[in-house]
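My entries follow in the order in which I made them.

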Amino acid sequence: MANVMEALSRRAMDRRIPLSVHVDLTWRCNERCVHCYLDHDDPDELSLAEMRDLLDQMAEAGVFFLTLSGGEIFLRKDLFAILEHARLRGFDIRLKTNAVLIGEKEAARIAELGVHQVQISVYSHLPAIHDAITKAPCSLEKTLRAIALLRACSVHVVIACVLMKPNAAAFEGVQKLAGELGAEFTIDPTITPHLNGDRSLLALNIDRDDLRKIFETESLVGSVAAFTAPPGPVGEDVLDGTPCSAGHSSSYISPHGDVYPCVQFPLTCGNVRQQRFIDIWRDSAGFGEVRAIRARDLPVCSSCDHVGTCSRCPGLAFMQGSMYGPSSADCEKSFVRTGIPSAAMLQGTGTRPASHHLVQIAGVV
Amino acid sequence: MEPHHVTECYPKRAPNLAARVFDEGEVIIMNPVNSTLFNLNETATAIWLAADGRTTLRRIVERDIVPVFDVDPDAALRDAGEFARSLAEHSILHLLSAPDEKVT
């Protein structure tokens, strides 16, 4: 599948097909996670009719991979009507949920509709830790029950463990739990700023020692020697490369129709209540600027030793001040991974306290 | 099913698959059960799109492949049979022995 996927991604990038779109159906939530970057009081969601129209537009534009997330998507009473329409339009559907509201009926319907994957947040195998993060009593118990129901229906479940100070040591327990439940496992030691710009959440990020422990865990990173190897010299092709798929072949749509390059890149490029999705995708100035950026255009990062291997997130850089600037979270990650400071660290530009990181490591257990 | 029978069966796309047809006439199909991704070329896509459960594979080839693509009819039928069996093995195409009356 990797070769087909790579070819598909390359073609989408070359032809500017919005292959993947992440839609937040709601920002309302039944949990109050300490690290959440969203406001939950959001009365202006796209209606079912608007969602159906948007799905039609996205299918016509070539969107194939559709992620429906939130907030908590099961708070929308019309969720299954949306899923049924998405199925009719041929999307590869992935859901992100805390699963608290998934019972037997919901699990069976998800399976019937051919949902490809359900990603569920679990912060610890210990209820005291998980429930303290979600601020919802018995939430771990309800979530695990739902995972078991989904697995009984053969639904592909991914357990996602966001790591932060309160659960820094939790990943091994959650990884073991995922194995027992027949679920895939992924961790994300990334706490991002609030979408309103508040950066105080970053204080929750795990410290360097805990991040290093993750980077030295073979079941998460594969070959530790290769993963932590110092970066080599780069060619012109790297400097001519694009940072990531955001705005090139992927996009994000908020519950009220704002279109961003990515959920972590809150550059409003248009709103689907005012323009057709494809017109925003093709013609907005915001997408145009994002697409024009090449590694060689980055004043600090282009001269960095890590330019060829860094997972620099342009969205986090944007939230830090400039989409052309460094993302301190990624500088930190490159440093902890290899022991070699980034150009931004050496220049003293754009660096922040060494506490926030961006990395997504997936491992099948 | 024996190879010579495949052309007389009624191929039908499996339900609840993710699929997208791109401008070049190619289709991408994802089987969510086993996360298998398929990329069909133009002729395979023509067969896939015509697989409505009420038309035999032979008829699909005669109607949608031979007149459109520059191919030998016997070779086209043979290739189509192999293709249909392959997709059936991956559970993204059903090979029905009788037309599906439920299809509207």
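Strand 3 (residues 27-31) of chain B and strand 4 of chain B run antiparallel and are joined by 5 bridges. I count two strands as paired if DSSP finds at least two bridges between them. Helices (H or I, at least four residues) and strands (E, at least two) are DSSP runs, numbered from the N terminus. This is a predicted model, in which local features need pLDDT of at least 70 and side-chain atom pairs count only at pLDDT 80 or more, while totals for chains, interfaces and linings use all residues. Residues are numbered from 1 along each chain as its sequence is written, and chains are lettered from A and ligands numbered from 1 in the order in which they are written.

Sheet of chain B. The open sheet has 3 strands in the order 2-3-4, with antiparallel pairing. Strand 2 (18-21) and strand 4 (36-40) of chain B are its edges, each pairing on one side only. On average, neighbouring strands of this sheet are turned by 10° against each other, direction ignored. Helix 2 of chain B packs on the sheet and touches strand 2, strand 3 and strand 4 of chain B; the helix direction makes about 110° with that of strand 4 of chain B. Contact here means that the C-beta atoms of two residues, placed from the backbone, lie within 7 Å. Axes are lines fitted to C-alpha atoms, for helices over the stretch in contact, and angles run from 0 to 180 degrees between N-to-C directions.

Helices 2 and 3 of chain B. I read an angle of about 125° between helix 2 (residues 42-50) and helix 3 (residues 57-65) of chain B, with their axes 10 Å apart. The two helices are therefore oblique to each other; angles under 35 degrees count as roughly parallel, over 145 as roughly antiparallel, 65 to 115 as roughly perpendicular and the rest as oblique. Helix 2 of chain B contributes T43(B), A46(B), I47(B) and A50(B) to the contact, and helix 3 of chain B contributes I60(B), D64(B) and I65(B). By class, I noted 5 nonpolar, 1 polar and 1 charged for this contact. Ala, Val, Leu, Ile, Met, Phe, Trp, Tyr, Cys and Pro count as nonpolar, Asp, Glu, Lys and Arg as charged, and the others, Gly among them, as polar.

Helices 3 and 4 of chain B. Helix 3 of chain B packs against helix 4 (residues 73-89) of chain B at about 125°, with axes 10 Å apart. That makes this pair oblique as well. L57(B), R58(B), V61(B) and I65(B) of helix 3 of chain B meet A76(B), L77(B), A80(B), G81(B) and A84(B) of helix 4 of chain B. The contact has 7 nonpolar, 1 polar and 1 charged residues.

Chain A to chain B. I found 16 residues from chain A and 13 residues from chain B in the contact. On the chain A side, helix 1 (2-15) and strand 3 (92-97) each supply at least two residues. Helix 1 of chain A gives the largest share, 3 residues.

Backbone of chain A. The peptide bond from G70(A) to G71(A) is cis, with omega near 25°. G71(A) lies in the loop between strand 2 (65-69) and helix 3 (79-88) of chain A. R16(A) is not a glycine, yet has a positive phi of about 55°.
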